[in-house]
Amino acid sequence: MADSGSSGEFSASLTSSTLPPPRTRIFKIIVIGDSGVGKTCLTYRFCAGKFPEKTEATIGVDFRERLVEIDGEKIKIQLWDTAGQERFRKSMVQHYYRNVHAVVFVYDITNAASFRNLPAWIEECRQHALGNEVPRILVGNKCDLQDSVQVGTEVAQQFADTHSMPLFETSAKNSNILKDGSSRGSSDHVEAIFMTVAHKLRSQKPLVLSQPSDRAGGTVNLSSCGDSRGEGARSWGCSSC
Amino acid sequence: MDGWMDGWMDGWMDLLYIIYLIFICFFSTEPNVGRKQKLTEIHQALISDPVDIETLKRAAATRGGLLTDEVRRKVWPKLLNINVYNLPHRPGRDVRDNHRDHNQVVLDVRRSMKRFPKGMPASERAVLQEQLVDVILEVLKRNPQLHYYQGYHDVAVSLLLVVGERMAIAMLDTLSNYHLRDFMDPTMDSTKHILNYLMPILEQVDAELYDFMMRAEVGTIFALSWLITWFGHVLSEFKHTLRLYDFFLSSHPLMPIYLAATIVLHREKEVKQTECDMAMVHHLLSRIPQDLPYELLISQARDLFARYPPSLLARRAALQSHKSLSISTFQAFQLSTLHQRPDSVLQRLTKAHGAATSGHGLGAALSRDRGQLWGKGNRMVKMAVWGLSATLGAAMLAVAQTAMEWGPDVLLQLF
């Protein structure tokens, strides 16, 4: 595993913050990125299993959670959905960077500015002591709008590699096309993205060293929107990759 | 001839308004006896010279608030010292040019569908959304020192839906310079400062709850959207939002924090039963129950404000280090509302000064149309018609009251 060096530090922070009964661990994931890139839709999609009909601007921080089971272990995934407007991130959101286990950076593939602003978000994280040792992933959202792509997969992949992050391109929306019949549309991607993060976090916990999980095989289907699993993704250490 | 017609029509409007008042007194579904009396008091306060602002404020804060949108259109401007006969013009096309917040405003307004009434046709909503963008950008353009924040659009839409475009601009302009001023700094440090008043209130009332929340390190961000949108962002029933707007428009800028405190206190048992963890407590509190007893909470908030005024909290909680513009300018603002003339006088003055009250557009239809009519009216005829309407109105009231004693059936036959 490329970044196994960080696992000790990571698990330490986990154990110290875990309050509930021993079997339910909590993984806290913060979702950040520019206004309007689809952070609320992504987190809602994962936690409620569907694309929200109407989403509004997030004011401050919204919280969603979902209980998942990985190899028989129940894990609570907590998603912190943050406001995109700069004024909120500067003085409001920092409270929520504490004890975060993973970071999801989101940009909109149809909005070049949201991609250009990523370094500012990465810097924001760094200032809150969330550096490279904390699992981070990059998500390009709105893959369903293929006609208005402004951020190509290649340039995004390059950026992701530079920052040692895996890249996923997805659509929080595009699932209805495959409503009947095949269930392996991009509707699974959002699910798979967060599950990949959960697997990653779980693999960092020393107690569960033993088996690479088979269930993580689902993540293989992630990149139908483009060949998004470049070096960064592979080096990231998801046990099934 | 024109003048006579206008005066006559204007008298008719007054007559219709009085009949309307009588109607809502008797046919309201709300079994509130005080309602009728309240409407009369509001009407009296509006025609007093100067306008009886204290009565209007009391009406807005006490049970039921201002009761109807019709009354709100008359009273809201008074609460903010706005002359409805001298409203800003509708923004032109150039209002959207090169404003630093343009993109963010458009983004937020486009996805604010939930704020519009459910049955509204999409085309109508689209028109209002465009107006909403214009209203917000116009106010921001007039006040370059003010910065847009996500949630400002929730306040703007609540005003727009009740008072129309031009009056919404006037109201939002005043609110932004006073009640909302702290939220509109370049950073949100001042907003954080206002939020810091929340925990000291809880500490005064329920030390156990306070300790619990401190241990959970929940912070106060759960109340952020409540504060900066005056709850407009989190309530699904527009009538509840309006009730709170009545209250906040008539209150100190910190009142939303006191109401936030009463909501937390109201849910004290739930809070204490939840896991003492930041995420859990934040999750619980940020999801506001839709069936809150608003009238009770409002009266509790007023009590808390009287018992623990901001100055007291500031002393106890070392909150004074930060200067709040909303708080420091409030007294002057309040004083400015004390010397308003009633609308009838304002109309005459407007005419005398030849002030332009160009009346294009849709918003605030009633007030503006009346403004135009008055502008041309013949005073003598107007007085006569006024007298006639008042007499007729009083007669109607007397008849209706007698009828009420006989029973609603008789009253129904009457109309």
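## Where chain A meets chain B

The side chains of Glu56(A) and Arg115(B) come together in a salt bridge, with 2.9 Å from N to O. Keep in mind that this is a predicted model. Between chain A and chain B, the count of salt bridges is two.

Now for the whole interface. On one side, 29 residues of chain A are in contact with 44 residues of chain B. The table gathers the totals for this pair of chains.

| Item between chain A and chain B | Value |
|---|---|
| Buried area | about 3,000 Å² |
| Share of that area on carbon and sulfur atoms | 55% |
| Salt bridges | two |
| Residue pairs in polar contact (both at pLDDT 80 or more) | 15 |

Looking at the side of chain A that touches chain B, the elements giving two or more residues are strand 2 (61-70), strand 3 (73-82) and helix 3 (86-91) of chain A.

Over in chain B, have a look at two helices. The axes of helix 7 (residues 152-163) and helix 13 (residues 238-249) of chain B come within 11 Å and cross at roughly 95°, so helix 7 and helix 13 of chain B are roughly perpendicular to each other. Helix 7 of chain B brings Asp154(B), Val155(B), Ser158(B), Leu159(B), Leu161(B) and Val162(B) to the contact, while helix 13 of chain B brings Phe238(B), Thr241(B), Leu242(B) and Tyr245(B). By class, this helix contact has seven nonpolar, two polar and one charged residues.

Conventions: Residues are numbered from 1 along each chain as its sequence is written. Chains are lettered from A and ligands numbered from 1 in the order in which they are written. This is a predicted model: local features need pLDDT of at least 70, side-chain atom pairs count only at pLDDT 80 or more; totals for chains, interfaces and linings use all residues. Side-chain values use heavy atoms; hydrogens and water are left out. Axes are lines fitted to C-alpha atoms, for helices over the stretch in contact, and angles run from 0 to 180 degrees between N-to-C directions. Helices (H or I, at least four residues) and strands (E, at least two) are DSSP runs, numbered from the N terminus. Angles under 35 degrees count as roughly parallel, over 145 as roughly antiparallel, 65 to 115 as roughly perpendicular and the rest as oblique. Contact means heavy atoms within 4.5 Å. Ala, Val, Leu, Ile, Met, Phe, Trp, Tyr, Cys and Pro count as nonpolar, Asp, Glu, Lys and Arg as charged, and the others, Gly among them, as polar. Buried area is the accessible area (1.4 Å probe) that two parts lose on being put together, summed over both. A salt bridge is a side-chain nitrogen of Lys or Arg within 4 Å of a carboxyl oxygen of Asp or Glu. A polar contact is a pair of N or O atoms within 3.5 Å; within protein, one must be able to donate a hydrogen and the other to accept it, and residues adjacent in sequence count only if both atoms are side-chain atoms.
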